Amino acid sequence: MNEEVILKPKMIATTESVSCTVIYGDCRQELKNFVNQVDLIVTSPPYADARKKHYDSIHPDDFVDWFITFHEPFFNVLKPEGNLVINIKDKIINGVKHRYVWHTIEALCEKGWFAIDDYIWHKTNPMPGHWPNRLRDGWEYCFHLAKTRRPYFNQDAVRQPIGDWVSSRLVKLSENDLNRHNSANKSGFGRNISKWLGKKTVLPANILSLALVGRDKGHPAVFPVDLPLFFIKLLAPEKGLVIDPFSGSGTTGIAALSINRNCVLIDNNANYCQQAMRRIREECAIQGNDELQPQLKLFR
Ligand SMILES: C[S@@+](CC[C@H](N)C(=O)[O-])C[C@H]1O[C@@H](n2cnc3c(N)ncnc32)[C@H](O)[C@@H]1O
């Protein structure tokens, strides 16, 4: 059975509407319907051997070959300037890091993807625990890949307030502050502090400090809404199409709808698709989409 729900909320910020479609199926098949239509794929695939009780898990030694079966479907759906973000983390085998993640990214690049940047999701509340040779696990990768070296990239959308330090630091400028001043450690880096005058915002670093999701969302591996939200702002235009091909509880859909992007969520577990539908109805309503009107379509 293939179930689909289409939600057409009218967003508070605009008179235009966007839609979120939840599709139950294998994304390699379902993506065939979206060739050359997608602005951004943002996703977190099953991690190697991580969730044996919950869904198919792949041994780290087999992960590269398994993930490469998604290369063509992902590549084909993206527009030429489209972006792919993969949130994933390493696996520890017998106390040692297995580098299946690095090998997977290298294999994707051999297939034609450009590795644009590696973002770090810094977990502000890492799980407690004790290991003989490691500390608590406080971060995960978010790899930014694209079909070209210059994909769609709207850095202004993620600018941050410059911070209070500016008002005190720029009150009295020294001579060094008025020209480019090279670093005293001879690193070759330099800066002209006076250029900060009048600036209200600054570009963020490629590190996202976000807490793990504490509440039960009906799925064992939910990422925080703010994680896909950041990348959707940065890498997908308004009313563009965002796809999460391993969508689990639908977090990416909640993020996309909240900022007026269309979204397609795909998962090969029917229960998670149902859960995604429930979350989108509940959490988008909480976010103020009072006119959210779900229409449920069932296909057999
Ligand atoms: C790490 S979870 C994603 C969790 C999600 N980010 C969230 O916040 O809920 C990966 C998901 O991929 C799904 N999955 C695994 N293989 C798939 C496939 N071939 N096609 C579609 N979904 C798949 C699993 O059922 C699982 O829900």
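The ligand is surrounded by 21 residues, the closest being Ala221, Phe246, Gly248, Ser249 and Thr251; a residue counts as near if its C-beta atom, placed from the backbone, lies within 6 Å of the molecule. The model is predicted: local features need pLDDT of at least 70, side-chain atom pairs count only at pLDDT 80 or more, and totals for chains, interfaces and linings use all residues. Numbering starts from 1 along each chain as its sequence is written.

**Exercise 1.** Classify the residues of the shell around the ligand.

*Solution.* Ala, Val, Leu, Ile, Met, Phe, Trp, Tyr, Cys and Pro are taken as nonpolar, Asp, Glu, Lys and Arg as charged, and the others, Gly among them, as polar. The shell then divides into 11 nonpolar, seven polar and three charged residues.

**Exercise 2.** Explain why helix H8 is largely enclosed by the rest of the structure.

*Solution.* Helices are DSSP runs of H or I with at least four residues, strands are runs of E with at least two, and both are numbered from the N terminus. A residue is buried if 20 or more other C-beta atoms, placed from the backbone, lie within 10 Å of its own. In H8 (residues 251-258), eight of the eight residues are buried, so the helix is largely enclosed. Among them are Thr251, Ile254 and Leu257. After H8 comes Asn260, with a positive phi near 65 degrees.

**Exercise 3.** Describe the burial of strand S4 and its pairing with S3 and S8.

*Solution.* Eight of the 11 residues of S4 (residues 78-88) are buried. Strands pair if DSSP finds at least two bridges between them. S3 (residues 38-43) runs parallel to S4 over five bridges, with Val38 bridged to Leu78 of S4. S8 (residues 139-146) is antiparallel to S4, joined by six bridges; Val85 has His144 of S8 as its partner.

Technical notes:
Buried ≥ 20, exposed ≤ 12 C-beta atoms within 10 Å, placed from the backbone.
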